[in-house]
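User: I would like to learn how to read helix packing and overall shape from a set of coordinates. Please take me through one case.

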Amino acid sequence: MTDVPGLLADHAHCELKAAQSALSMVGRFGDEAPDLVEPLSKLAREETAHFRQVCEHLEARSAGIGRPAKDDYVGALRKAARQDGEAPAMLDRLLVSALIEARSCERFQVLAEGVPDAELADFYRGLMAAEARHFSLFRGLAEKHFGAEARRRLDRLAEREAEIAHMLPLGPTVHG
Ligand SMILES: [Fe+2]
Ligand SMILES: [Fe+2]
C-alpha cells in the first residue's frame with residue numbers, strides 16, 4: 001500500500017462515473033422501465049455523496065482528483081458484453097453495473113484490511129457495505145425485468161469478467 005493519494009484519485013473518478021452511469025441509465029431506459037427511475041436516481045445521489053467524501057480525504061492530503069484515467073476493466077467488460085451481442089441493452093447495462101459494484105465491494109474489503117490509516121479503513125468498510133447493496137439492487141432490477149435470462153446472462157458475464165481480470169495489470173486502482 002504505497003500510493004494512497006493516487007488510489008483516492010482513481011477512486012474519486014469511479015464514484016463520479018457510477019453516479020453518471022446511473023443517471024444515464026435513467027435517461028436511456030426510464031421510459032421503457034419507469035421502475036428504474038427512483039432507485040437509480042437515489043443511487044446516483046449516493047454515489048455523488050461518496051465522491052464528495054473521497055474528495056475530502058484527498059483534500060486532507062492536499063491532493064486533487066487528477067484527470068480521469070481510462071478504466072480498462074470497465075471498458076473491457078462493456079466491450080465483451082457487446083461482442084456477445086445476444087442480450088438486450090438494458091439487461092447488459094444492469095448486469096455490467098452489478099459486476100462493477102461486486103468488484104468494488106471486494107476491492108474495498110481488501111483495502112479496509114490493508115490500509116494503515118484507521119480512518120480510511122473505516123471509510124472503506126462503510127463503502128463495502130454500500131457496494132454490496134448496490135450489487136443486489138442492479139441484480140434485482142435485472143431479474144425483475146428479465147427473470148431466468150438475467151441469471152444466465154450474469155453467469156456468462158461473470159465468466160467474461162474473470163477472463164478480463166486475469167489479463168489486466170495490477171495498479172493502484174479500485175477495479176483493477
Ligand atoms: Fe459508491
Ligand atoms: Fe456503488
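User: At what angle do the axes of helix α1 and helix α2 cross?

Analyst: Two packed helices are described by two quantities, the angle between their axes and the distance between those axes. This is a predicted model. In it, helix α1 covers residues 4-29 and helix α2 covers residues 37-60; their axes cross at roughly 165° and come within 8 Å. Angles over 145 degrees count as roughly antiparallel, and α1 and α2 are therefore roughly antiparallel to each other.

User: Which hand does the crossing of α1 and α2 have, and which classes of residue make the contact?

Analyst: The crossing in which α1 passes α2 is left-handed. Sorted by class, the contact between them has 19 nonpolar residues, five polar and two charged.

User: How do the axes of α4 and α6 cross?

Analyst: Helix α4 (residues 89-114) and helix α6 (residues 148-167) have axes that come within 10 Å and cross at roughly 55°. α4 and α6 are therefore oblique to each other. Here the crossing is right-handed.

User: Which residues of α4 and α6 meet?

Analyst: From α4, L91, L95, V96, A98 and L99 take part; from α6, their partners are E149, A150, R153, L154, L157, A158 and E161. By class, this contact has nine nonpolar residues, three charged and no polar ones.

User: How many helices and strands does the chain have?

Analyst: The chain has six helices and zero strands. Along the sequence the pattern reads α-α-α-α-α-α.

User: What radius of gyration does the chain have, and what would a compact globule have?

Analyst: For 176 residues, a compact globule would have a radius of gyration near 16 Å; the chain has 16 Å, so the two agree. Along the principal axes, the C-alpha atoms fill a box of roughly 45 × 35 × 25 Å.

User: What share of the residues is buried, and what share of the contacts joins residues 24 or more positions apart?

Analyst: Buried residues are 32% of the 176 in the chain. Among contacts with a separation of 6 or more, 74% join residues 24 or more positions apart.

Methods. Residues are numbered from 1 along each chain as its sequence is written. Chains are lettered from A and ligands numbered from 1 in the order in which they are written. This is a predicted model: local features need pLDDT of at least 70, side-chain atom pairs count only at pLDDT 80 or more; totals for chains, interfaces and linings use all residues. Axes are lines fitted to C-alpha atoms, for helices over the stretch in contact, and angles run from 0 to 180 degrees between N-to-C directions. Helices (H or I, at least four residues) and strands (E, at least two) are DSSP runs, numbered from the N terminus. Angles under 35 degrees count as roughly parallel, over 145 as roughly antiparallel, 65 to 115 as roughly perpendicular and the rest as oblique. A crossing is left-handed if the near helix is turned anticlockwise from the far one by less than a right angle, and right-handed if clockwise. Ala, Val, Leu, Ile, Met, Phe, Trp, Tyr, Cys and Pro count as nonpolar, Asp, Glu, Lys and Arg as charged, and the others, Gly among them, as polar. The radius of gyration is taken over C-alpha atoms; the globule rule is 2.2 Å times the number of residues to the power 0.38. A residue is buried if 20 or more other C-beta atoms lie within 10 Å of its own, exposed if 12 or fewer, and partly exposed in between; C-beta atoms are placed from the backbone. Two residues are in contact if their C-beta atoms, placed from the backbone, lie within 7 Å.
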